[in-house]
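Me: I am new to this structure and would like a close look at a single part of it, followed by some sense of the surroundings. Please take your time over the reply.

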Amino acid sequence: MGGKTGGVDFTRLRKRPAIAFTIVLVSVASAIAQDRTFVTSDRLTLGTEANRSASVRLGDIDGDGDLDVVVANGRHWPQQNLVFINAGRAKFSNMRPLGADRRTTYACELADLDGDGDLDIATGNDMALGRIFLNDGSGTFSEHAEFGEVSSLRSLTAADVDGDGDVDIVSTCRGRANRIYLNDGSANFKTGPSFGSNDDSTIDVAVADLNSDGHPDLLLANRDQQPNEILFGDNTLQFTKRKTFGTGNDQTRAIAVADMNADGKLDWVVGNIQQQNQVFLGDGLGGILRTGEFGSKDDATYAVALADIDNDGDIDIVCGNVAQPNAVFVNNGDGLNYSKILFGETTAATYGLSVGDLDGDGFADIAVANSDSVNNVFLNRPARLQKSK
């Protein structure tokens with residue numbers, strides 16, 4: 001869930017706050033675009049337990065140049081969150097617990113929260129306080145502090161919302177007020193303003209400057225027949241200017257932002273429940289040029305990530321679904337028309353996913369967080385090669 005930017009060095013981001021991004025735009029100049037498939041096996045599972053996983057994030061937490069994995073477990077039931085260390089080529093032979101106690105975790109985010117150059121972890125919990133875990137640089141985490149309030153939290157997004165150079169936390173809640181938590185630069189988070197309405201059912205939020213005014217805006221993905229909204233930012237963090245998008249009664253679960261039609265302006269993609277998913281092409285001023293739909297009318301999309309899956313220079317869409325296969329939608333270049341590649345089990349309930357090059361071959365792979373089934377890594381492979389075996 002959530003949309004960010006790409007071309008990221010996950011090891012060190014010293015010129016600006018370091019955030020491990022859900023959206024990873026993988027670009028390899030020598031790679032030739034081709035049909036892709038996504039393969040997994042019993043050696044590509046993240047552990048062997050079937051937890052109630054809700055979120056997964058990728059980042060180089062131990063500074064060795066490859067991507068590791070953090071999985072948030074529990075949702076409404078206390079379970080252990082886990083860290084998986086990549087030994088290279090997507091070999092996850094080292095699993096560590098994150099924190100001593102277990103909580104009802106719905107979301108995890110990787111970012112440099114204390115400004116020391118390595119990736120830390122924030123976890124958000126349903127009806128329990130969130131937690132901040134600081135990295136010692138080797139991928140070992142210690143609990144630093146709690147943050148937030150007891151609420152029906154559904155997602156976390158890490159972004160510098162107040163423009164002071166450190167990473168803040170934006171949280172969404174179902175049926176309650178959403179909230180911004182402001183970082184003091186040392187990973188201590190004070191309660192900031194709420195956003196949206198006090199009874200919003202916001203499941204996900206993306207942070208991006210849609211109207212090119214230099215201030216981050218908030219894009220809200222709402223459920224329960226509530227309209228999705230753009231809340232336009234200014235230097236007060238009050239987000240008083242707003243605009244709805246979509247039909248007005250969409251059941252939206254996920255949102256991500258990228259330039260889908262390569263016109264230099266930010267667009268956004270939403271994942272819906274029991275209706276087609278949508279693409280909104282932005283005009284760079286906060287408005288919408290065109291709207292497109294993709295997928296099927298009976299889709300149940302719970303997670304969306306964006307990446308250049310086939311290395312052809314445009315951005316594709318990865319959807320995590322419930323009770324139906326997951327899907328990759330390959331962009332034909334205009335941001336409105338896509339071809340579909342299925343992956344994963346029909347019976348899986350994929351609540352979260354994250355995209356990045358886990359095996360070092362230059363193509364973006366996919367890690368999924370499933371509820372009540374084993375979590376998997378799906379490696380991105382040439383379809384023709386796979387079919388010839």
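Which residue in β25 does Val328 stand opposite?

Reply: In this predicted model, Val328 stands opposite Ile341, a residue of β25. The pairing behind this is between strand β24, residues 326-331, and β25, which run antiparallel and are joined by 6 bridges. Both strands belong to an open sheet of 4 strands, whose order is β22-β23-β24-β25 and whose pairing is antiparallel. At the edges of this sheet stand β22 (301-307) and β25 (338-343), and because each has a single partner strand, one side of each is left without a neighbour in the sheet. Direction ignored, neighbouring strands of this sheet are turned by 20 degrees against each other on average. As a general point, the strands of a sheet pair through backbone hydrogen bonds, and they may do so in a parallel or an antiparallel way.

The protein has 28 strands and 1 helix, and of its 389 residues, 61% are buried. Among contacts between residues at least 6 apart in sequence, 49% join residues that are at least 24 apart.

Another pairing to set beside the one you asked about involves β3. Strand β2 (residues 53-59) pairs with β3 in the antiparallel sense over 6 bridges, and within that pairing Ser55 has Ala72 of β3 as its bridge partner. β3 also pairs with strand β4 (residues 79-85), again in the antiparallel sense, over 3 bridges, and here Val71 stands opposite Leu82 in β4. The hairpin of β3 and β4 has 5 residues between the strands, and in this hairpin Gly74 takes a positive phi near 125 degrees. Strand β3, residues 68-73, is largely enclosed by the rest of the structure, because 6 of its 6 residues are buried. Both of its faces are covered, with Asp68, Val70 and Ala72 buried on one side and Val69, Val71 and Asn73 buried on the other.

Elsewhere, the largest nonpolar core has 24 residues, and those that touch the most other members are Leu113, Ile132, Phe147, Leu156, Ile169 and Phe189. At least two residues of this core come from each of β6 (105-111), β8 (128-135), β10 (153-159) and β11 (168-173). If neighbours within four places in sequence are left aside, Leu156 is in contact with several residues, including Ala107, Phe147, Ile169 and Val170.

Two loop residues complete the picture. Ser151 has its place in the loop between β9 (141-147) and β10, and it counts as buried because its relative accessibility is 6%, where the cut-off for buried is under 20%. Apart from neighbours within four places in sequence, Ser151 is in contact with Asn125, Asp126, Met127, Cys173 and Arg176. Gln225, by contrast, counts as partly exposed, because its relative accessibility is 49%, and this residue lies in the loop between β15 (217-222) and β16 (228-232). Not counting residues up to four places away in sequence, Gln225 touches Gly248, Asn249, Asp250 and Gln251. The C-alpha atoms of Gln225 and Gln251 are separated by 6.0 Å, although the two residues are 26 residues apart along the chain.

Terms used. Residues numbered from 1 in each chain as written. Predicted model: local features only at pLDDT ≥ 70, side-chain atom pairs only at ≥ 80, totals over all residues. Heavy atoms only, no water. Buried < 20%, exposed > 50% of the residue type's maximum accessible area, 1.4 Å probe, protein only. Contact = heavy atoms within 4.5 Å. Core = buried A, V, L, I, M, F, W, Y, C linked by side-chain atoms within 4.5 Å. Pairing = 2+ DSSP bridges. Axes fitted to C-alpha atoms, helices over the stretch in contact; angles between N-to-C directions.
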